[in-house]
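These are my notes on a single protein model.

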Amino acid sequence: MAEVPRPALARALLQQCTSARLQVKPPEHGAEAEWVEIQRGLVIYICFFKGADEGLVPKIVNMLLSVKLSENESGEYVSVLDLPGDVLIIPQATLGGKLKGKKMQYHANIEKEKGLELYSQFVTLCEKELSASTRCAEAGVCVKHGTYGNRQVLKLDTNGPYTHLIEF
């Protein structure tokens with residue numbers, strides 16, 4: 001009897017970039033918009049589904065930061081840790097969408113409060129891993145992130161396009 005595949009618990013979309021800017025706060029009442037910015041590195045869009053828990057997050061972080069997708073000066077594929085490169089993390093609930101008729105539905109997405117918890121843990125672990133890397137620390141690599149549950153404007157310069165979708 002064939003094994004029934006388990007549903008995905010999270011989905012990540014990775015894009016290499018030469019630079020990226022994410023608006024994390026829109027302009028209001030005469031104040032300018034707030035942006036976070038990275039240079040060469042990796043943009044990670046992340047979405048958690050129902051059933052995801054805290055035990056899954058370290059596995060995702062380990063995989064995404066160690067997968068060899070970035071080209072170094074020699075043309076070899078290396079991880080963002082080995083590059084070393086900056087990381088921009090963007091919560092992306094639309095990665096959980098499923099087409100039904102002519103509309104998208106998001107029934108598989110995790111509840112907002114739990115999603116915020118997992119997203120915060122994901123950001124913290126990414127920051128911890130990059131700061132623990134001597135190579136990244138010496139290069140001044142940074143982790144920037146968007147705000148969970150808000151619309152955000154992204155400006156992205158890619159060196160590809162190299163876009164990879166990974167399910168967990």
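I count helices (H or I, at least four residues) and strands (E, at least two) as DSSP runs, numbered from the N terminus. The model is predicted, so I kept local features to pLDDT of at least 70 and side-chain atom pairs to pLDDT 80 or more, while totals for chains, interfaces and linings use all residues. Residues are numbered from 1 along each chain as its sequence is written, and side-chain values use heavy atoms, with hydrogens and water left out.

**Entry 1. The whole chain**

I found three helices and 12 strands in the protein. The C-alpha trace spans about 55 × 50 × 30 Å along its principal axes. I then looked up the radius of gyration, which is taken over C-alpha atoms; the globule rule is 2.2 Å times the number of residues to the power 0.38. For 168 residues a compact globule would come out near 15 Å, and the protein's 17 Å agrees with that.

For burial I used relative accessible area: buried is under 20%, exposed is over 50%, and partly exposed is in between (1.4 Å probe, protein chains only). On that scale, 40% of the 168 residues are buried. The accessible surface, from the Shrake-Rupley method with a 1.4 Å probe, comes to about 10000 Å², and carbon and sulfur atoms hold 52% of this area.

A contact means heavy atoms within 4.5 Å. Of the contacts between residues at least 6 apart in sequence, 76% join residues at least 24 apart.

**Entry 2. Loop residues**

Where is His29? I found His29 in the loop between S2 and strand S3 (34-38). The phi of His29 is near 45°, a positive value in a residue other than glycine. His29 counts as exposed because its relative accessible area is 84%.

I also checked Pro84, in the loop between strand S6 (77-78) and S7. Leu83 and Pro84 are joined by a cis peptide bond, with omega about -20°.

**Entry 3. Residues in helices and strands**

Is Phe122 buried or exposed? Phe122 has 0% relative accessibility and so counts as buried. Phe122 belongs to helix H2 (residues 112-132). Leaving aside neighbours within four places in sequence, I listed the contacts of Phe122 as Ile44, Ile46, Phe48, Val57, Ile60, Val61, Leu64 and Ile89. I also noted Glu54, which is 68 residues from Phe122 in sequence and 9.1 Å from Phe122 in space, C-alpha to C-alpha.

Met63 sits in helix H1 (residues 57-66). Met63 is partly exposed because its relative accessibility is 39%. Glu73 is 10 residues from Met63 along the chain, and their C-alpha atoms are separated by 23 Å.

Ser19 is in strand S2 (residues 19-25). Ser19 has a relative accessible area of 16% and therefore counts as buried. Not counting residues up to four places away in sequence, Ser19 touches Ile38, Gln39, Lys155, Leu156 and Asp157.

**Entry 4. Pockets and the cavity**

Rolling a probe the size of a water molecule over the atoms shows where empty space is left. On a 1 Å grid over the protein atoms alone, a cavity is a set of points where a 1.4 Å probe fits but cannot get out; a pocket is an open set with protein on both sides within 12 Å along at least five of seven lines, and lining residues have an atom within 4 Å of a point. Grid points are joined across faces, edges and corners, and a volume is the space filled by probe spheres set on the points. For lining classes, Ala, Val, Leu, Ile, Met, Phe, Trp, Tyr, Cys and Pro count as nonpolar, Asp, Glu, Lys and Arg as charged, and the others, Gly among them, as polar.

The largest pocket has about 460 Å³ of space. It is lined by 21 residues, and Pro91, Gln92, Ala93, Thr94 and Gly149 are the closest to its centre. Strand S4 (41-48) and strand S7 (86-91) each supply at least two lining residues; S4 has the largest share, with four. By class I noted 11 nonpolar, seven polar and three charged residues.

The second largest pocket has about 230 Å³. Its lining includes Phe49, Lys98, Lys100, His107 and Glu167, and divides into four nonpolar, four polar and four charged residues.
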